[in-house]
Amino acid sequence: MSQGPRSGLNAVSAALLAMSEQLEVRDVLKTIVASARELLDAEYAALGVPDDHGGFAQFVVDGVSEEQWRAIGPLPRQHGILAAMLHKAEPERLADVREDPRFEGWPSAHPDMSDFLGLPIRYGDETLGALFLANKRCPRPDGGCGFTADDEELLSILAQHAAIALTNARLYERSRELTIAEERSRLAHELHDAVSQKLFSLRLTAQAAATLVDRDPSRAKGELQQVAVLAAEAADELRAAVVELRPAALDEDGLVATLRTHTHVLDRAHSAEVTFESRGVRALPAAQEEAMLRVAQEALHNALRHSGAEHVRVALARRGSGAVLRVTDDGSGFDPRVIRRAGRHLGLVSMRDRASGVGGRLTVESEPGKGTTIEMEVPGG
């Protein structure tokens, strides 16, 4: 703030705009942390969202490498200064966090921190999380530095807007979950209407064959042939209802938003971390968007159900007038040639058919023990 109100206001404005552009909770959390660290020129920033069991449901950091974060270990519990931030409304500014009586140490891989600034993110009476900054980057001619009262005021302003952005993101996610539930209900009705009549006829025909098998074998044979016909028709109806049914969310939100929502739901439902990113993707022809979504769903299913992956990354990027989808996992991998010879395709044939059906191409890279990458490229319109 002391550097001049214009530069300070421009920085705050940029941070607030960055937060307001995000819709997913995890993206909002990352943006809050990165904005706070940059705005106050700190080495480290973190934001913890509490759960109901004395721990953190989410804990996002900035300034710590992925390798460091893995080495640090499990998410922290709500104790010491972290707990204080969640249970008091006022900011906490310390010259050296290590000298505070509430300090309880940190894991061996944790970076060393001294000066500290933290405060809760509150919306009304609810504490949504706690925001922490450490190690102010500034000249230390006399060996001293640290966060100032101006820093505290600036972070308080940022936290107020962060609370609004985080609340809006939560509401957005809840609305998307309701939409997904509504889509599932609609799909159930579609399946019922399309298939139930065929299955009812199939059951009656099978019962007729069973009663005739001893009394009139030739008629029983005819009824069993009809069973086969009805079963094939039911399979066709099911395929039309499930495979060819274009998701409503795709029509309403487009491919990027639909994939983002889908990966977020999978991330919450599985122990593996599922992430999504997109770069510069424009709207594609409807058939290409649906094919890409279906391939992504199949690839995600394989990665989460069969590979034992800890991380699954979905990336969608513009390429010329079209787009390229990449689903990468760090799972067990496989030898595609062995899979083909064994007659097990993991949906690869279906994915290739979908890609070629819209003028695209699909490539699969995998080795045992080295994960899998599935890439699909479409030409656009």
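The model is predicted: local features need pLDDT of at least 70, side-chain atom pairs count only at pLDDT 80 or more, and totals for chains, interfaces and linings use all residues. Residues are numbered from 1 along each chain as its sequence is written, and side-chain values use heavy atoms, without hydrogens or water.

**Helix α2**
- Helix α2 covers residues 25-39. Helices are DSSP runs of H or I with at least four residues, strands are E runs of at least two, and both are numbered from the N terminus.
- Its buried residues include Val28, Ile32 and Leu39. Buried means under 20% relative accessible area, exposed over 50%, and partly exposed in between (1.4 Å probe, protein chains only).
- Aspartate 41 follows α2 and has a positive phi, near 55 degrees.

**Aromatic rings**
- Ring pairs join Phe56, Phe59, Trp69, Phe116 and Phe132 into a cluster. Rings of Phe, Tyr and Trp (its six-membered ring) pair if their centres lie within 6.5 Å; planes under 30 degrees apart are stacked, over 60 edge-to-face, and the rest tilted.
- The count is 5 aromatic pairs. Phenylalanine 59 and tryptophan 69 have ring centres 6.1 Å apart and planes at 5 degrees, so they are stacked.
- Phenylalanine 59 lies in strand β2 and tryptophan 69 in helix α3. Phenylalanine 59 is buried at 15% relative accessible area, while tryptophan 69 is partly exposed at 25%.
- Phenylalanine 116 and phenylalanine 132 have ring centres 6.2 Å apart and planes at 35 degrees, so this pair is tilted. Phenylalanine 116 sits in strand β4, phenylalanine 132 in strand β5.
- Phenylalanine 116 is buried at 8% relative accessibility; phenylalanine 132 is buried at 5%.

Key
Expected span 1.5 Å × (residues − 1).
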